[in-house]
Amino acid sequence: MQIDWLRRWREGRIGFHRDAPHAALVDHWPRLGLAAGAKVLVPLCGKSHDMRWLAAQAYPVLGVELSPLAVDQFIGEGALPALRYAQAGFSCVRQGRIELWCGDFFRFHVEQAAELAAFYDRAALIALPRASRQRYAHHLAQLFLPGTQGLLVTLTHANGERGPPYSVDAEEVERLLGPNFALQRLAGPGEPDAKGACETVWHLMRRGPCG
Ligand SMILES: C[S@@+](CC[C@H](N)C(=O)[O-])C[C@H]1O[C@@H](n2cnc3c(N)ncnc32)[C@H](O)[C@@H]1O
């Protein structure tokens, strides 16, 4: 699966990439009410413009991405100088308020997550096949302290397990994430896009020991 993603980036098959910040982020992020300076984790970040949007709102970003090509393209598209370093087995690069960690998200652990205040998942959960989604939901939960908030954008389509993107409906979101996060559906499912996929936007808050 990881080899498939690396190949996709090499071949430029990145139809998921958008040239502008996602409307769901722009519309719904302000309701999290985070203080300026709150650091945001963006798992499976690609070279998303959403990270630049978050940074421009004064939120430092830590993106985790498997493909070195994606990381290099993101940095190449930015105007600021970049500083490269290695940390915890990841090849990292910092540009302004954005740090990109190149490597496997499942190797990103709680010691590295200590300073994270929020997270943003667009096309991360839905990029993974069923068994990996279970693992992802568990991994995400154990990174955060109770009260940590996030925004999640999922989609559904008629082809079920044909993906990526995989169709992840509300029932699966509740099943995977509901045990560890309080979930609120903010929008959707919306109208189908040109490929017949409908997006749903969720607010998540990490639960404490008493729920
Ligand atoms: C569907 S894309 C979404 C990218 C980005 N979130 C966006 O909205 O454009 C999924 C990304 O996850 C990356 N990826 C897949 N598995 C990964 C893993 N285990 N660790 C880190 N990144 C991974 C892929 O290389 C790809 O860039």
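What you're looking at is a predicted model, where local features need pLDDT of at least 70 and side-chain atom pairs count only at pLDDT 80 or more, while totals for chains, interfaces and linings use all residues. Residues are numbered from 1 along each chain as its sequence is written, and side-chain values use heavy atoms, with hydrogens and water left out.

Let's begin with the ligand. It has 17 residues around it, and the closest are Leu44, Glu65, Asp104, Phe105 and Arg122; a residue counts as near if one of its heavy atoms lies within 4 Å. Sorted by class, that shell holds ten nonpolar, four polar and three charged residues. The classes work like this: Ala, Val, Leu, Ile, Met, Phe, Trp, Tyr, Cys and Pro count as nonpolar, Asp, Glu, Lys and Arg as charged, and the others, Gly among them, as polar. Helix H1, residues 2-11, gives the most to the shell, with three residues. Helices (H or I, at least four residues) and strands (E, at least two) are DSSP runs, numbered from the N terminus.

Now for the polar contacts, meaning pairs of N or O atoms within 3.5 Å. Glu65 uses its side chain: one of its polar atoms there lies 2.6 Å from an oxygen atom of the ligand. Leu44 works through its backbone, with a polar atom 2.9 Å from a ligand nitrogen.

Where does the space taken by the ligand fall? It is the largest pocket, and a molecule sits in a pocket or cavity if more than half of its atoms lie within 2 Å of its grid points. On a 1 Å grid over the protein atoms alone, a pocket is an open set of points with protein on both sides within 12 Å along at least five of seven lines, a cavity is a set where a 1.4 Å probe fits but cannot get out, and lining residues have an atom within 4 Å of a point. The largest pocket takes in about 1,100 Å³ of space, a volume being the space filled by probe spheres set on the points, which are joined across faces, edges and corners. Its lining runs to 50 residues, and Trp5, Phe16, Ala123, Ala127 and Pro165 are the closest to its centre. H1 again gives the most, here with four residues. By class, the pocket lining has 24 nonpolar, 13 polar and 13 charged residues.

There's also one cavity of 30 Å³ or more. Its lining is made up of Phe119, Asp121, Leu125, Tyr136, Leu140, Leu152, Leu177 and Leu204. Seven of these are nonpolar and one is charged.

Finally, the backbone. Two cis peptide bonds come one after the other: Gly163 to Pro164 has omega near 0 degrees, and so does Pro164 to Pro165. Pro164 is in the loop between S7 and helix H6 (170-177), and Pro165 is found in that loop too. Ala58, in the loop between H3 and S2, has a positive phi of about 80 degrees although it is not a glycine.

Conventions
Polar contact = N/O pair within 3.5 Å; in protein donor to acceptor, adjacent residues only side chain to side chain.
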